[in-house]
Structure formats: C-alpha cells, structure tokens
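Please read them with the structure open.

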Amino acid sequence: MPRVVTLAHYYTQPEIQQMADKVGDSLELSLFARDADADIIVFAGVRFMAETAKILNPNAKVILPDAGSTCSLVTQTDVSALKAWRESYPDHVHVSYINSSAEHKALSDWIVTSRNVDDIIAHLYAEGKKSHFLARSEYGRVFELPAWLRYAVMVGGV
C-alpha cells in the first residue's frame, strides 16, 4: 500500500484543508514534502509548488489535482529571454523567487522567499556580486528592500 501525503496551500477551500495532512504556505509545504516519508504527494496548490516538492523529494510521485493551476510569477517570466540574459551576463548572479517554475529555478544561482530575500540580497551585495533579482516590481516595496535595490528590482527584469 503506497504512503500518501496530502498538502494544501492556505488559499485552498476549507474542505480541502480539512482533508490535508499539512496546510501551510508554499515554503512550509515544500519543506514538509522534502521530509515526507511518502510514495505519493498530492499537492493542492499551483504548479510551481508541486514542481518544488518534486525537486525536494525526487523519489515521490507528485500529483497536482489541477494541472492547469499557475501563478502570475511563473507566467510573467520569459524563460528564453532569461537564458539569453544568463549567456550575456555570465558574471552576474541570478536570484529568483521561490514562486518560479522549475525551468526558471534551474537557471538560478539563488532561490529566495519573502522570509530570506533581504538577507540573501544583502549578502550578495556585501560580497560585491553583480546580481539580478527577477520578481514582480512591487516586491521592492513588499520586502522593504533598501532604496537602491528597490529601484533595481522595479526596473530590472527579463
């Protein structure tokens, strides 16, 4: 009998949350998936969450009940343009937000969350790294980044 774990993001319907083994945000659920002793992970969320669970627990079969579910952070990124940018600027460090597709994450040097973005960007800046953070422009305000970085985030992008 396969071991099945069901995960539900906070924004899913209450009935789905009641059935879940774990309810949380995308990072919390991904970490839970990583450590789950499961053959099958059913992920009630969006595609990038299920992809992250699969990356972190490659031996488990991950099922996404709504295969068409997505996130605007995923759909706004032109991965072909990002690949071209990476080739044009090999000396830059690319930082992406956790709410990115697996294809985007594969092109990233660092993957951040709202919990650690300030620390990671500050670390890269202190190290003198040329970095590029691809996220929604309003994250410069949401993450309370320094003014110089807020500008870079708002005008940057691929």
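1. Start with Arg3. Its relative accessible area is 39%, so Arg3 is partly exposed. The cut-offs matter here, because partly exposed covers the range between under 20% (buried) and over 50% (exposed). Keep in mind throughout that this is a predicted model.

2. Arg3 has a charged partner. Its side chain meets that of Asp37 in a salt bridge, at 3.0 Å from N to O. The two come from distant parts of the chain: Arg3 sits in the segment before β1, Asp37 in the loop between α2 and β3, and 34 residues separate them. Asp37 has a relative accessibility of 57%, so Asp37 counts as exposed.

3. Asp39 is placed in the loop between α2 and β3. With 31% relative accessibility, Asp39 counts as partly exposed. Beyond the residues up to four places away in sequence, Asp39 touches Met1, Pro2, Arg3, Ala60 and Lys61. Asp39 and Asn57 are 18 residues apart in sequence, and their C-alpha atoms are 9.7 Å apart.

4. Ala38 has contacts of its own. Neighbours within four places in sequence aside, Ala38 is in contact with Arg3, Val5 and Ala60. Ala38 is also among the residues with the most contacts inside the largest nonpolar core.

5. That core deserves a careful look. The largest nonpolar core has 15 residues. Val5, Leu7, Ala33, Ala38, Ile41, Phe43 and Met49 have the most contacts inside it. The elements giving two or more residues to this core are β1, α2, β3 and α3. Which element supplies the largest share? The answer is α3, with four residues. As background, nonpolar side chains tend to be buried together in soluble globular proteins.

6. Helix α2 shows a clear pattern. Which residues of α2 (residues 26–35) are buried? They are Ser26, Leu29, Ser30 and Ala33. These residues cover an arc of only 100° around the axis, so they lie on the same side of α2. The general rule is that an α-helix has 3.6 residues a turn, so residues three or four places apart point the same way.

7. Next, the cover over α2. What covers its buried residues includes β1 (4–9), β2 (22–24), β3 (40–44) and α3 (47–56). The N-terminal end of α2 is capped by Asp25. A side-chain oxygen of Asp25 lies 3.2 Å from the backbone nitrogen of Leu27.

8. Thr6 is worth checking within β1. Thr6 lies in this strand. Setting aside neighbours within four places in sequence, Thr6 is in contact with Met19, Ala20, Asp21, Lys22 and Val42. Thr6 and Val62 are 56 residues apart in sequence, with a C-alpha to C-alpha distance of 9.9 Å.

9. Glu51 pairs with Arg47, and their closest N and O atoms are 3.4 Å apart. The two are four residues apart in helix α3, so about one helical turn separates them. Arg47 counts as partly exposed, at 42% relative accessibility.

10. Compare the pair of Arg86 and Asp109. This salt bridge has its closest N and O atoms 3.0 Å apart. Arg86 lies in helix α5 (residues 79–88) and Asp109 in the loop between α6 (102–106) and β6 (110–112), so the bridge ties together parts that are 23 residues apart in sequence. Is Arg86 buried or exposed? Arg86 counts as buried, at 17% relative accessibility. Asp109 is partly exposed, with a relative accessible area of 42%.

11. The structure holds eight salt bridges.

12. Last, the chain as a whole. The protein chain has nine helices and seven strands. Of its 158 residues, 42% count as buried. The chain exposes about 8700 Å², and carbon and sulfur atoms supply 52% of that. Among contacts with a separation of 6 or more, 45% are between residues 24 or more positions apart.

Technical notes. Residues numbered from 1 in each chain as written. Predicted model: local features only at pLDDT ≥ 70, side-chain atom pairs only at ≥ 80, totals over all residues. Heavy atoms only, no water. Buried < 20%, exposed > 50% of the residue type's maximum accessible area, 1.4 Å probe, protein only. Arc of directions from axis to C-beta. Contact = heavy atoms within 4.5 Å. Polar contact = N/O pair within 3.5 Å; in protein donor to acceptor, adjacent residues only side chain to side chain. Areas by Shrake-Rupley, 256 points an atom, 1.4 Å probe, with all protein chains shown as cover. Core = buried A, V, L, I, M, F, W, Y, C linked by side-chain atoms within 4.5 Å. Salt bridge = Lys/Arg side-chain N within 4 Å of Asp/Glu carboxyl O.
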